[in-house]
Structures are given as structure tokens and as C-alpha cells.
Amino acid sequence: MSSVTRPRREADFARFPSSTPIVIDNGASTFRIGWAGETEPRAAFRNVVQRPRHRSTGETVSIVGDTDPALMKYFDCTRSAVRSPFDDDVVYQFEYMEYILDYGFDRLGANSEVGHPILMTECECNPSFSRARMAELLFETYGVPSIAFGIDNAFSYKYNQKLGNCGEDGLAISCEHGTCHVVPFLKGQPVLGACCRTNVGGFHITDFLRQLLSLKYPYHTANFTWEKAEELKKEHCYIALDYMSELQIFKNNKEEAEEKTRYWQLPWVPPPKEEPPSEEELARKAALKEKAGQRLREMAAAKRSQKIVELEKQLSYLEELMDQLDEADESEATAILSRSGYLSQQEIKSAISKATQSLRKAKGETNGNEEKAEVSAADKYPLVSVPDEELTPDQLKEKKKQILLKTTTEGKLRAKQKRAEEEALREKLEEQRRAENPELYLEELRARYSELSEKFEQRKRQKVNGGQTNGNHGSSGGVGRGERLNAAQKERMRLLASAAFDRGKGEDTFGMRDEDWLVYNKMSKDNDDDGNDDDESELVRIASKLQEIDPTFVSKSEAVQLTPEPPKVRPLTAEDYRIAIGIERFRCPEVLFQPGMIGIDQAGIDEMVSISLRRLMEDESVKQRLCQSILVTGGSSLFPGMIPRLESGIRQYRPYRSPLKLVRAADPIIDAWRGAAAFAASSKFAKQTFSLADYREHGENLFHRYNIVYSL
Amino acid sequence: MEPEVVRAEMVLAPTLPFKKVQTADKYPKGQSRGRQWKHLRHLLQAADASSMPPDRPNYLNIQSSPSIYPPKRYCDITGFEAPYVDPRTKLRYADPEVFKQIRMLPDEYVQRYLALRNAAVILR
């Protein structure tokens, strides 16, 4: 991680007379502030704000610009993201703008009111509401006497014109953080009507790179921060002269592609190799386990004996109570009963029997269970044997219920017995057949197995194809477009649709009558599965049989895998920790030329030149003059290979062999500020500003016609 | 405040000498300001309605038009040229190996690849 430098606080604010303008280059990526007439801005920092919470004091603080990650541990950044006041290239969030201006003026050394005129840069055709709010902010909060707004690309062009890189008539192609602009200049003034803007810039390139890498290497998503992606972009990305042929190189030619690929090795510590435990280790571990097991067993035994003791105590108490009741007479009996908490003698008796049963169980005796079964049979159906006449109506109902229960349980028992008998018979027959002719038997078995497994797989495939979308959705009840429904689902849909619409026109009154719900009875509930069950069980049985007797048998399910498995989880090796940036090197900056790659439906920068020239509506000689002094500026134009590619791109739109000259700005990043500083230092600057009085007088309408004159 | 934080001068001071109105007074604590700031789209729409002669260049006028060339189709996973589209996921792919990989991708990754191209399905 590169070291982050934060600007120092300047100390010479008071030295400048109040007529010296302060020059601010308010860019979407960096904010630069300095004095007019100088060559370097005093302070430059990233144009972002974050507002985390300080952990120890709990207050929310504002931090402007890049931060040292080591110091960020004192702050809680969970609810504060890094925010920018810009959207594309227009300022719309003035709260953050205020924090940034605070910091900017603070770094410049302001300690009393900012009483200097300000020259601030903006984008082409900045909307008037943005200008108005900026003016309001500067006038009201900072006490600035007068302001001027200028276009940053125009300042850059004028500065380079003075240096001789471009002429009075020319074209400026500027690739910035959030946008790209093409501005034609005629007689030194930008022609705003012929300007052209595409909403792709350095930000989109970095974002594209970051997302591509994190999709390709999902384990390392945390490493691909935005700042790291920017670093990678600045260091490794280039623009291919011919995109399609570069793609072909990477696709076909392995060595050349290897040369062009860059690798980033993340720190990786191989996991410590585990040695197979030695004999002593094993013995020791076994002994420990034995001891632990024994301890557990002792504890269980102790608990059991404790439980037995308790139960015996309770039993004896209850029996005592019974004796007392027997001996005592009426009134005493009720007193004893109320004291003990039982309501009647019956209850006490049942409690005693329960206690004895649990006691027996705890002691591990089994004859209690059998007795219980018999007892329960007689208990459960006590009324069955009693003839009808002796019972009350309630008891009659009870008796009917009990008869039903009894018959069903008996029926179940009988069915189980019959099945067991059938099994035994079948087994015997099979053994006989096998004994007679082992070969034939084996053949038959194998044939039957393959037949069944075919049927099974086919059914499974049908179900899978009919009910699955993209392999990972859990519900099978939902129906999407374009999927084959199996017969049951089709039937269900048909019934529901007809039930809903057969009513009559108008509202849907399904469900108002009880009979409506019977529709659900008509639907088959996954009748596939019932049919499957028998086949499935037979399949399993045959498989197990085959495994026993046939040495060459391999179960179908092990051999074939229908659906490919998702990428297996295997231990990560050093390979996985090496991030390869091959094709992304030139794929990401290509977005400037083909914004369609990230879904933005606008023209790329080479086509923007032709659009701009067309909007100019001048004749050919003027266009030729313009194309002979094209300036390439802006931070995102620093990719290697930008100029040759632009040239070949623009040549496609110009007449054959017309002259074309592209020059890169002297310093594409700071030239805008330098141009603005030179402009502010000139004597004519004061006439171009507007003051608080003007603003109060005209309001926002002032900005509809406000444009400064750049030629000096 | 920890000494190193103070030394690094990271944090903005709550009151600054050159300001007529301090931030804390302008944006009192406790009020959620998240929804006060309208997005640029809405502001531009509002500005459109107000008086602005259409012949003068304004922010929306100078936007570049869609490209006259049809967009080239690139593979979503590898970046090569992609003549094929997977009908189930709508991802573009270059050759059969990539297709196998696409079919094994979990749904989340499919949507992220589509989002790179601004083609993801957004359910609101």
C-alpha cells in the first residue's frame, strides 16, 4: 500500500493582498487550491469525504481526502462510506462540498475571513442550479467578495496554447474521472454548442477492473479495494492500437500473451505440513480416549443409581400415603389428600404404578414392557368387550373409536407379518434359482438392474429439466417461462385456471363457497413419487444383491454423474494466490472507446470527435484547421498507447489523407489548474467575476448567460 | 483524540475561524440528511421544466448521442469475441469450455456478470 501524503497547512495566508485571487480546480477526482500567478497548487487532495464515528469519544467526525489506513482503526467506518459531492462531473451534494472547501481553505492557511476573489473550475455547461448553490455557499458561508467560474478544459487548452502545443483554433479531447469531453475552440473561445460529453471516465475503468478481478478470484474480494484497483490500473493498463488483433493474440498465441500478462502475488503462507502421528502419539491418544470414555460411563452409572434411589424413595412415600388413607377415616382422609396434593385414591394408585414402572426400567428389567403391552391392550380398549346396552351415548362413541383403533392396529400387524412372510418366500426362491444356474441368474439380475436404473434416470431427468431453472432454485412449485411442465404440473395449472375463470366475468369469487376447494382434491399430488417407490426399493435390493455376488459390479450411481459438480473445494495452493492480469490490461481502458462494453449507450472518444465537428456546422477548411491542433488532456489520457489509437480512430472519420495532428498536454493532470492560475493573474480577470450584489440582484438567472472570455 | 490522529491533522475541526456559519449549526446533529439531496437526474428534470430556450447549449444538450456502429459482442467471462449467447442466463460466451463454466456458475455470479454490462435483472 503506497504511503498516503496529506497536504501541509500553509502559513503565508496573510502575506497576500486581498486582491490576489485564490484559484480552485474542483475536479471529480482531485481538489486543487492555490494562489493566482503560481505554477503549482498549494494543496491537492482527493475530492472525497467520509464521516466515521470516533470510537473512544463517540462523536461523528469528518475526514477529507485519502487517509492513512493505520490511523483508521480509531474510527468506526461501518456506516460511513467514502462519498463524493460529484455525480459524473456536476456538484450536487453541497454538504460534502462544504467539508471539502473547509479543508481546502484550512490547508491554504486561512484563519480569518476568506476575503479574496475566487476562480473556480466547473464542467462544460454546468447546470445553473449547481452554479447558484456553489455561489451561495461561497458568498454566505465563506464571505468571498467575488467569484468567477471557468471550464477546466478550456484553461488547460489556453495554457498549452501559450506553450505552443496547439493553435488558436483547435480541439480539446479531455478524459476525466467521470466523463470525457470534446470541446472545439474557434478564435480562442470554446464553442459550447458543439461540445460533446460521454459519461465514461477513469472511474468506470477502475470499477470495471475491480469487478472483473473480484469475479475471477472470488476468494480475494477483500483485497480488491478501489484504491488498489486504481493503482493496478495506473501501473499496468494500456490501450491497444487495434483491439481485435490484441484479442486474437491473447486467444491464440500463448507466448506473446504470457509476456504481456502481469502477475500480482498475494502473501501466502503454506499450511504447516502435518506429520503422521507416531506410535506413541497414537497410543497416548487412545489411552486418553479410554479414560474419558470410562469417566463418562462412571458418571452415567452414578446418575442412574441416583435416579433409582429417588424413585424408590418416592414409591415408598406413596405407599405410605396409601396405607395412611386406608387406615384413616373420612375426614382425616380428605385432610391427608389435600396435604399430599393428589385428588383421589385413584390418582395415588396410578402414580404408584407409574413409579414402579420407571423404577423397573431404570433397573434395566424388560419384563415390565411386555406386561405393559398386554396391559395397554386391555386398558386401551376396555369398552370394546362391554355390550352396547350397558353404555351411555358418550361411552358408545368412545367404544366406536376404540374398535376402530383396535382393528387398524391389528390390520397393520397382520400386513407386516404377511410382508415378512413374502420376503422370506422370495428369498428362498431366489436362492433356489441361484443354486441351479448361477450364470443365468446373474444375467437376469443385471438386465433387470439396468432396465430399472434407465427408467429411474429418465424420470429424474424429466423432473430435473422441468422443474429447474439455472440449477440452483429450490422451489419446484414455481413455473417460469419456457420450462417444460410435466403432466402433473400442467394438470394443476389447468384446474386452477379453469376454476378461477369459470365463475363468470368480473371478480374472482373462488373460495366463497366451500365446494370450490374440492378442486384441490382433483389434482394429483406428485403421483410420480408413488410409482417410483416400488421401483426404487427393488432397484436398491437388486443393487445390494449384485454387490454381494458379482465382483465386477459397479453401482450406476457411482459411475455416472448426471449434473456436473460445482467447482470442488480443494486446498488452495500458491497458484490461487497469484492474480493474473492479462487481458484486463487493455480490456478495461477500451471502455473509453467502446462504452457499450459496460452498457452505456453512447459514443466513444474517437466517434465523439466526429460528432463534435458535425455539431460545429462549419465548412471543411475550418474542420481541417481544427484537426491540425488537437490537444489530449485530462488524467485518464495518460494510458500508454492513447495517442496512436486516437489518431487511427479519428482518421476513420476524416477524409482520406487529411492532415491530423495530436499533441498530449504538457502535464495533463495539473494543466487545468495552471491555466486557471495564469488566467486569474491577468489584469482582465477582475472584470469577469460577479459579486454578491450581482448575485442578489439577478439570482439564478445570472448564470444562464454567464460565460467568461478566455482569450487574454 | 489520540495523539497520532491529532498530529496527522486528519479530522476537520468542528469550528473554523474563516467561516461565517459553522457546519454544525447549518446541519444540526440528529437530522438525517440522506434524503435531502436529490440525485442529479431529478435536479436536471426539474431544471428542464424551468425557462430555458432549447437552442442554447445546456448540460443535457451536449451529451453525445448513441454510437452509429452496432456494439461489438464480447464474452462476459473471458473478454474475447463472443458470437454465442446462453439462452438460460443470457450471458455471452466465446467457446464451449466457457459455456461449461457458465452453466456451473451460481446465480449470484451470473447477475454480477450481467451487471457489468448493465444487463442484470433488477426486481423492484
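Visitor: In this predicted model, how many bridges join strand 1 (residues 22-26) of chain A to strand 2 of chain A?
Guide: Strand 1 and strand 2 of chain A run antiparallel. A hairpin of three residues joins the two strands. Within the pairing, Ile24(A) has Ile33(A) of strand 2 as its bridge partner. The number of bridges between the strands is five.

Visitor: In strand 3 of chain A, which residue is the bridge partner of Ile33(A)?
Guide: Strand 2 of chain A also pairs with strand 3 (residues 43-46), in the antiparallel sense and over four bridges. In strand 3, the bridge partner of Ile33(A) is Ala43(A).

Visitor: Why is strand 2 (residues 30-35) of chain A largely enclosed by the rest of the structure?
Guide: A residue counts as buried when its relative accessible area is under 20%. Strand 2 of chain A has six residues, and it is largely enclosed because the number of them that are buried is five.

Visitor: Which residue forms a salt bridge with Glu40(A)?
Guide: The closest N and O atoms of the pair are 2.7 Å apart. Glu40(A) lies in the loop between strand 2 and strand 3 of chain A and its partner in helix 22 (residues 671-681), so the pair ties together parts that are 634 residues apart in sequence.

Visitor: How many residues apart are Asp207(A) and Arg210(A) in helix 4 (residues 202-216) of chain A?
Guide: These two residues form a salt bridge, with closest N and O atoms 3.3 Å apart. An α-helix has 3.6 residues a turn, so residues three or four places apart point the same way. Asp207(A) and Arg210(A) are about one turn of the helix apart, a separation of three residues.

Visitor: Are Arg645(A) and Glu590(A) buried or exposed?
Guide: Arg645(A) and Glu590(A) form a salt bridge, the closest N and O atoms being 2.9 Å apart. The pair links distant parts of the chain, with Arg645(A) in helix 21 (residues 642-651) and Glu590(A) in the loop between helix 18 (584-587) and helix 19 (605-616) of chain A. Both residues are buried.

Visitor: What distance does helix 8 (residues 279-327) of chain A reach from its first C-alpha to its last?
Guide: Helix 8 has 49 residues. Its buried residues include Ile308(A), Leu315(A) and Met322(A).

Key
Residues numbered from 1 in each chain as written. Chains lettered and ligands numbered in written order. Predicted model: local features only at pLDDT ≥ 70, side-chain atom pairs only at ≥ 80, totals over all residues. Heavy atoms only, no water. Buried < 20%, exposed > 50% of the residue type's maximum accessible area, 1.4 Å probe, protein only. Pairing = 2+ DSSP bridges. Expected span 1.5 Å × (residues − 1). Salt bridge = Lys/Arg side-chain N within 4 Å of Asp/Glu carboxyl O.
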